[in-house]
Amino acid sequence: MTLEHFDPLSDAFFEQKKSELKERVSAHRYEHSLGVVDACVMLAGVYGIDERKARLAGILHDWDKCYDDDGIRCRAHELGLKVAAEVLDMAPQALHGMTAALALTREYPEIPEDVIQAISRHTVACVDMQPLDMALYVADAIEVNRDPERLGKQVEELREMVGKETLEKLFFETYRFWTILLLNRTSSLHPDTITVWNEYANRFKPCGKKSFKEMRKELT
């Protein structure tokens, strides 16, 4: 593939990155990424997003999942990623989307900015998520390899919302799902999680108040 004819949204570039990813990550992570590609393209079709961009974002979103915690810390340092010390200490894996976005931008500046942004935001998200950002974030949760037996029935519920809810509502419910899952696992949270949560929770705040029993049920 010559630089003169380089097109980051082409079939050739996608197939090249897919082959490289297969050598770069575990077999499980590779199959997950293929599932995210399919789910992201599907969501793009439903919600009017460029399917070529969705495909590329899907195959590249876990580009840096080949690094362990110390590896991600070193990667962040090498790329000049500015991040709080507490994140590097407690939640380094939350950075793999950001490091991948930086590395891919440097190597392939032709990749569209919205694709890079979606990759960067697919872990922690942001208060101003754009359609491709949300599609990738949701696809990461609902792709076919995500097992409801392991993650809970909410995965199937999210899949059933596709096309019935707005993309923003679907994103919020997916964000709720991941946040509760992390809390139940007593996992460390990125400091920006509460900021993103508050922004979207306020947008979708229910009219009525829930009982303590109802709130406890959501957390189990």
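Asp-114 counts as partly exposed because its relative accessibility is 31% (buried is under 20% relative accessible area, exposed over 50%, partly exposed in between, with a 1.4 Å probe and protein chains only). This is a predicted model, where local features need pLDDT of at least 70, side-chain atom pairs count only at pLDDT 80 or more, and totals for chains, interfaces and linings use all residues. Residues are numbered from 1 along each chain as its sequence is written, and side-chain values use heavy atoms, leaving out hydrogens and water.

**Salt bridges**

- You'll find 17 salt bridges here (a side-chain nitrogen of Lys or Arg within 4 Å of a carboxyl oxygen of Asp or Glu).
- Asp-114 pairs up with Lys-53, and their closest N and O atoms are 3.0 Å apart.
- That pair ties together distant parts of the chain, with Lys-53 in helix α3 and Asp-114 in helix α7 (residues 113-121), 61 residues apart.
- Arg-121 and Asp-133 also meet in a salt bridge, at 2.9 Å from N to O.
- Arg-121 sits in helix α7 and Asp-133 in helix α8 (residues 131-142), 12 residues apart.
- Arg-121 counts as buried at 13% relative accessibility, and Asp-133 counts as buried at 1%.

**Helix naming**

- Helices are DSSP runs (H or I, at least four residues), numbered from the N terminus.

Terms used: Helix = DSSP H or I, 4+ residues; strand = E, 2+ residues; numbered from the N terminus.
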